[in-house]
Every structure is written in structure tokens, then in C-alpha cells.
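Good morning. I will take a few minutes to talk about aromatic rings. Please have a look at the sequence and the model first.

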Amino acid sequence: GVHVDITEQKQQEISLRESEERWRRLVETHPQPIHITIDGRYVYMNPSGADLFGADDPADMIGRSVFDFVHPDVVDQLRARKEQLDRGEATDLFEHRMGRRDGKERIVVSLSIPITYNGHQAAQTVIRDVTEQRRAEHALR
């Protein structure tokens with residue numbers, strides 16, 4: 001018979017699972033909306049993201065296109081940002097208007113980075129809703 005020591009392999013598998021669990025807990029409980037897209041479609045969204053988009057559950061957003069929720073004025077900019085991510089480049093902060101599922105408009109700032117998700121080239125985006133801040137600034141002016 002042949003014996004192979006797989007102790008190191010098993011330790012690496014445990015480390016990987018623990019790392020994935022830490023990432024998931026961080027993202028799931030993060031107060032800012034975070035989502036992952038593949039080819040411009042949502043494949044993951046945290047609960048804060050679902051709240052921002054007016055969805056009852058993050059699963060309600062899976063499969064939807066990001067273009068369904070951006071203001072028509074920024075579609076070309078969003079396409080350019082997607083091309084940048086497809087080249088493996090992170091995007092700069094981007095302030096724009098977006099629509100919720102209920103039709104209400106929000107002003108957000110987003111930042112995206114290219115990642116690999118389940119073996120696919122993807123983008124992970126963090127969003128900050130600045131609607132109230134912009135309204136307050138406008139009122140002060």
C-alpha cells in the first residue's frame with residue numbers, strides 16, 4: 001500500500017473555508033450596499049444593497065441588469081466603467097443617479113473592482129447613498 005500525507009492540503013482547505021466565511025460575514029453585515037455582477041447582471045447582493053434598491057430580499061435582485069436601475073443620462077458612462085473592469089482595472093468613485101424598484105430616485109457614489117467570482121470574471125461594487133447629503137447641501141446653497 002501507499003500512504004500519502006495530506007495534512008497540509010487539509011489545513012489549506014480549512015483555511016480557505018475560514019477565509020470565505022470571514023468574507024461572507026463581513027459583507028453580509030456591512031452597512032453599505034455591496035453587490036457582485038457578472039456581465040452586468042447581479043449575481044450577489046448583500047441585505048443593505050437590497051434595501052437601497054427597494055427589494056424585500058437580495059435574491060429578488062439576482063439576474064437583474066445594472067442598466068435597469070441607472071438613470072438614462074449615465075448609461076454610456078456605466079458602459080465605459082464596465083469595459084474598464086473587463087480590462088481588469090478598478091474604477092474611480094462615480095456619483096450618479098439610480099432608480100429603485102419603486103421608481104424613487106437616489107443619488108449614490110459607487111466604486112468597483114474586478115474580481116473572480118465562482119470562476120468567472122466579475123465586478124464587486126460598494127455603494128454609498130448620498131441623497132440626503134446632496135439635498136442638505138442644495139438647501140444650504
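Predicted model: local features only at pLDDT ≥ 70, side-chain atom pairs only at ≥ 80, totals over all residues.

A search of the whole structure turns up three aromatic pairs. One of them joins Tyr 42 and Phe 69, with 6.3 Å from centre to centre and 55° between the planes, and this pair is tilted. Where do Tyr 42 and Phe 69 lie? Tyr 42 is in strand β2, residues 41–45, while Phe 69 is in the loop between α2 (47–53) and α3 (75–86), so the pair ties together parts that are 27 residues apart in sequence.

Next, Phe 53 and Phe 69. Their ring centres are 5.2 Å apart and their planes stand at 85°, so this pair is edge-to-face. Phe 53 belongs to helix α2 and Phe 69 to the loop between α2 and α3, so here the parts tied together are 16 residues apart in sequence.

Taken together, Tyr 42, Phe 53 and Phe 69 make up one aromatic cluster.

Are these residues buried or exposed? Tyr 42 and Phe 69 are both buried. For Phe 69 the relative accessibility is 4%, so it counts as buried. Phe 53 has 3% and therefore counts as buried too. The cut-off for that word is under 20%.

Last, the charge. Which ring does the charged end of Arg 79 sit over? It sits over the ring of Phe 67, at 5.2 Å from the ring's centre.

That is the end of my part.

Methods. Residues numbered from 1 in each chain as written. Heavy atoms only, no water. Phe/Tyr/Trp six-rings, centres within 6.5 Å; stacked < 30°, edge-to-face > 60°. Helix = DSSP H or I, 4+ residues; strand = E, 2+ residues; numbered from the N terminus. Buried < 20%, exposed > 50% of the residue type's maximum accessible area, 1.4 Å probe, protein only. Lys NZ or Arg CZ within 6 Å of the ring centre and 35° of its normal.
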